[in-house]
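Student: I would like a close look at a single part of this chain. Please take me through it step by step.

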Amino acid sequence: AMESFGEVPEGSYKAIFQSMRGRDFARLVVAPDEKVGSIKARLESSTSAPVSAIQLFWLGEMLPNDTSLKDWFVEAGPVVLHVVLSYREPKLQHILTGASEGGMRLWNPADAEQVKELPLSVSSAILAMCVDWKTMRVLCSTFDGRMQLWDIGKCECVSSIVAHSEEACCLDIDWENMQALSGSTDGSVKLWCLKDTTFRCIGLSNSNVTVDSLAVDWPGKRSYIGLRNGVVRSWDLASQVTQDFEAAATAARDGGTAVSGMAIDALGRRAVSGLEDGHLVYWHFEAQGDCAEISPQPSVPSQSPKVFLAHFSALRSIVAQWKEHSRALVGSDDGSLSLWRLDSGECLARFARHVGFVWAIHADWAKERAVSGAFDGCVKIWDLRSGECLRTVQGHSRPIRSICCG
């Protein structure tokens with residue numbers, strides 16, 4: 001079958017391009033130094049797809065446009081390259097990823113190519129990020145307790161501070177007033193003033209439990225802290241008064257399991273908690289019977305938590321769209337994702353698997369798009385309506401711990 005290649009110069013590749021199901025697209029002679037972008041351009045006629053819709057894989061690794069087969073140490077001669085096509089637009093302009101090896105990378109979702117890299121001076125996993133796409137700034141926190149403010153356009157770290165004694169694992173920020181909240185595995189939550197690009201701690205709440213998630217009503221000066229034991233703690237940023245709500249923790253104990261992840265609605269006073277056994281718990285703080293006294297907002301009738309099975313493995317990453325018919329996108333330790341309508345417990349879509357735990361997800365609900373990062377170092381772009389994977393990016397060599405899109 002190799003006769004179809006014709007004369008092949010010494011050191012070149014006899015490249016066979018196949019779909020993931022083994023159907024041949026084309027056979028081309030590829031020079032050792034020919035860039036992947038050039039190879040994709042030659043494949044346009046065979047695939048009837050634009051270059052931006054073509055992804056090439058070799059042994060499961062996605063090949064970036066600015067690399068060659070020689071760069072990947074592919075031996076000269078016959079080689080099989082797999083082609084993945086996606087004709088649908090990702091609709092996203094930017095994706096920013098942070099991984100276990102440290103540093104952040106900016107990606108172009110249209111062609112799944114890296115645009116910039118923001119390297120840390122100290123190698124430490126990026127555990128959380130908040131991005132202001134209008135000004136191209138990002139606030140990130142790291143495994144060694146640091147918090148940093150970056151100018152993405154200039155690839156410059158504007159300010160840095162050791163914010164916590166242990167992992168700084170979650171963030172929330174008010175970009176307009178330059179205030180931020182950070183939480184850590186050491187149990188501390190700190191309120192920061194970031195004006196004049198300097199970090200100044202102006203508030204502190206301590207507990208002996210790891211902080212997993214944060215949500216803040218900035219105009220109302222009230223934060224909600226998701227703790228590792230499943231409790232949501234209300235912290236009034238003005239008076240420093242705290243109050244705990246335990247519906248999800250109670251549901252987990254009743255089921256003989258524990259809370260593994262959480263997303264909180266600071267305005268609607270509700271949350272969705274993921275459990276180690278794969279269940280989701282949707283609950284209102286009013287279910288505790290004592291929330292009305294700490295908030296001027298109208299009371300919501302008391303509701304029992306809704307518990308339903310989403311996966312058969314722990315749910316560690318959760319994002320929610322809070323509205324009348326709220327939705328939650330969850331990532332599981334089994335590598336898959338699913339989308340749920342919270343008020344009814346209806347599964348709206350299930351998504352193909354990553355390899356390993358899903359550590360990070362982010363959704364652009366207005367565009368019906370989401371991105372996920374996992375243990376396999378891959379970024380996937382999803383269509384929330386159909387469940388289709390629109391792009392796969394081999395983003396990092398180690399697990400992706402945080403992700404943002406816009």
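Student: Which backbone nitrogen does the side chain of aspartate 383 reach?

Tutor: This is a predicted model, so read every value as computed from it. The side chain of aspartate 383 reaches the backbone nitrogen of arginine 385, at 2.9 Å. Aspartate 383 itself sits in strand β31, which covers residues 378-383. Its relative accessibility is 1%, so aspartate 383 counts as buried; the cut-off for buried is under 20%. Now look at the neighbours. Leaving out residues up to four places away in sequence, aspartate 383 touches Arg88, Phe351, Glu368, Arg369, Glu388 and Leu390.

Tyrosine 224 belongs to strand β18, residues 222-227. At 2% relative accessibility, tyrosine 224 is also counted as buried. Among the residues that tyrosine 224 touches are Ser213, Val232, Ile264, Arg269 and Phe285, again without those up to four places away in sequence. Alanine 320 is 96 residues from tyrosine 224 in sequence, and their C-alpha atoms are 15 Å apart.

Now the setting. The chain has two helices and 33 strands. Of its 406 residues, 57% count as buried. Among contacts with a separation of 6 or more, 47% join residues 24 or more positions apart. The radius of gyration is 23 Å; a compact globule of 406 residues would have one near 22 Å, so the chain agrees with that. Along the principal axes, the C-alpha atoms fill a box of roughly 80 × 45 × 35 Å.

Note on methods:
Residues are numbered from 1 along each chain as its sequence is written. This is a predicted model: local features need pLDDT of at least 70, side-chain atom pairs count only at pLDDT 80 or more; totals for chains, interfaces and linings use all residues. Side-chain values use heavy atoms; hydrogens and water are left out. Helices (H or I, at least four residues) and strands (E, at least two) are DSSP runs, numbered from the N terminus. Buried means under 20% relative accessible area, exposed over 50%, partly exposed in between (1.4 Å probe, protein chains only). A polar contact is a pair of N or O atoms within 3.5 Å; within protein, one must be able to donate a hydrogen and the other to accept it, and residues adjacent in sequence count only if both atoms are side-chain atoms. Contact means heavy atoms within 4.5 Å. The radius of gyration is taken over C-alpha atoms; the globule rule is 2.2 Å times the number of residues to the power 0.38.
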